[in-house]
Amino acid sequence: MKQAHNIEDAPSGVETIPSAFTLSIRPDNIAVITMDVAGEKMNTLKSAFAEQMQSVLHQAQQHAALRGVILISGKPDSFIVGADITMLDACTRAEEAEALARQGQETFAGFGALPFPLVAAIHGPCLGGGFELALACDYRVCSLDDKTVLGLPEVQLGLLPGSGGTQRLPRLIGVDRALDLILTGRSVKARQALKLGMIDDAVPNSILLKTSAALLKKGKRRQVALPWRTRVVNSWPVRHVLFKVVKQKTRAKTQGNYPATDRIIQVIRRGMDKGLAEGYKQEARAFGKLVMMTPASAALRSLFFATNALKKQAGSPAKPREIHRVGVLGGGLMGGGIASVTAQRAQLPVRIKDINEEGINHALRYSWELLSKRVQRKRMKPAERQLLMTLVSGSTDYHGFEYADIVVEAVFEDLTLKQNMVADIEQHARPETLFASNTSSLPIHQIAERAQRPEQVIGLHYFSPVDKMPLVEVIPHAGTSAETTATTVAFARQQGKTAIVVADKAGFYVNRILAPYINEAAYCLLEGEPVETVDAALVRFGFPVGPLTLLDEVGIDVATKIVPILVEAWGERFQAPATFEAILQDGRKGRKNGKGFYRYDTQRRFWRAQREVDSAIYPLLAVTPKAHLDPALVAQRCVMMMLNEAVHCLDEGVIQCARDGDIGAVFGIGFPPFLGGPFHYMDHLGIDAVVKTLETFEHQYGARFSPCQRLLTMQENAARFHR
């Protein structure tokens, strides 16, 4: 191959940015442009690359016999993961962000004016601006590797695709499918992308270049007739109805809290009605406004940076051990879920122990059913399901545990039982085996106090359902070694989890801030506010479900077990209303036994989206339900209790920093992501406003709202949690 120079030629004395693009000309007169951003694990698009891209394409054009260009990535496992969003933080006005979008649009639009065809040869993630680049090419070919995914996830940052994605994708695959992908931000694998019409072919990575070169023989892609389905969906009468329905459904789902979704619908509709030029204009303008004028985007971007920063931290200065085999104690809902994510995501062999065969079978069935759903949705082949199932095994004794590097305990919340589990593992496993307890409330130091090797005992708190909830709390006690902590954090990340390290104090972090939030919802209920209006107020605020629905899902009996522990440790502000004892005495445990705040003995009717409240709950509590409280007040009371407790946790060292508190609340209990987490939200409100609201509520409702000392100090100093 003939190698071209990188684009670094500049006048002497002028600082240059190394080019991310390298041009090679093959003997068959096909150019290969390789993108490889120096010093970065993955390729991201930067503003400076627009000129570099134009320059390298101009160089290719100088080759008289050129048949076409293949765009590839120089990274081993990724194509282009999107634009570098740190560029947006440098913008001070909406016009600056709009200019960035226009620059991307113009660069990619230039692909169509080239006299030769371009094909994007995609291996690994191709997301955001990376997929917009690929959409601008004549052809797209993907590898069939599991790492290869395509999508436009900008909505997850409170934005919309700004480099032509809102206009090209609907015209390629149909408005309905494009709206689904852009409004959800979900990514799809190569086979599904091919089925949707997003790409031209999907092949093994070994023949990706060969297939791409063959496509170039077709020459420039001309205007072709779209499939009949796309033509019908994109026709004015159909899309007019479609936009109306999608807007209604999206509004109902987002409660109006995510401005980007409305903008996405508007921009796509405008482009389809008025043409590409108008669509691009509106796309760039909307992008600029979302970047600079919506707190939601700033909060979501803050959360994105926080999560990325957390991934780079090991949890302790020690080097983690490698985990090769895993043991799980308990085949119930949590144990089955832990075994499932260990096999499916970490792809590690896992051995389950339960006291009876029924528990083992439950855990195996849990994994089988999850994998079968993926098979049914064509996201996995039956053979792949079978291969993953071979990683999961079980028994009623400790046979096989002698090979485990870490054992995760998921048995009942009983201290003596958990201490016995530690002793059993120390007897039957290797001396190096780590013991991680999935406790939600019991102190880790007490679980470890009879251990022969307490330095290898740690807490690893998962959230239910394990396969869906992304957070885990890693809880070292005072005697846990740094190596144990680092290894446990690394193991959780292998399972696809976001891990925060929290202190071994009552309630840890997530349950501790959740308890006063739910308690306040209970106080609102006892004031006569109906169950459904309390829940609706918090859903409108931005939580995925209301606090009383959440209590039913977690289990009323499970949630109330932690209350005495919290009251003993932290005082009366954690005391649940006394009359709530009547709910437990009535045998109400929530969804799991079909009796809670809602009814579970009847099927929902298609016209009734919400589950029906069990009206028998009101006589138990001696209240007559009547909606009389302002929903905003209900939400504010519950949320203020959570915010105040989060600051208590930071002040006492339960969490290491405000960033971890934001991530824990968003990923652990569904604190509204568009608010950025409790600490980001308090910065947005202003500490002075938070303190004054708490003091007002303290006067009205009691000492449980008393603002913590750290908030009072911050108010005096006009301080913030984040810079």
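User: Does A718 count as buried, partly exposed or exposed?

Analyst: This is a predicted model, in which local features need pLDDT of at least 70, side-chain atom pairs count only at pLDDT 80 or more, and totals for chains, interfaces and linings use all residues. Residues are numbered from 1 along each chain as its sequence is written, and side-chain values use heavy atoms, with hydrogens and water left out. Buried means under 20% relative accessible area, exposed over 50%, and partly exposed in between, with a 1.4 Å probe and protein chains only. Because A718 has 69% relative accessibility, its class is exposed.

User: What is the phi of A718, and where is A718 found?

Analyst: Most residues other than glycine have a negative phi. A718 is found in the segment after α30 (709-717); helices (H or I, at least four residues) and strands (E, at least two) are DSSP runs, numbered from the N terminus. The phi of A718 is positive, near 50°.

User: What is the omega of the peptide bond from S464 to P465?

Analyst: P465 belongs to the loop between β16 (457-462) and β17 (471-476). Most peptide bonds are trans. The bond from S464 to P465 is cis, and its omega is near -5°.

User: Are α1 and α3 roughly parallel or roughly antiparallel?

Analyst: Axes are lines fitted to C-alpha atoms, for helices over the stretch in contact, and angles run from 0 to 180 degrees between N-to-C directions. Helix α1 (residues 49-61) and helix α3 (residues 94-113) have axes that come within 10 Å and cross at roughly 15°. Angles under 35 degrees count as roughly parallel and over 145 as roughly antiparallel, with 65 to 115 roughly perpendicular and the rest oblique. The two helices, α1 and α3, are therefore roughly parallel.

User: How are α15 and α16 oriented to each other?

Analyst: Helix α15 (residues 357-376) packs with helix α16 (residues 382-389) at an angle of about 160°, and their axes are 10 Å apart. For this reason α15 and α16 are roughly antiparallel.
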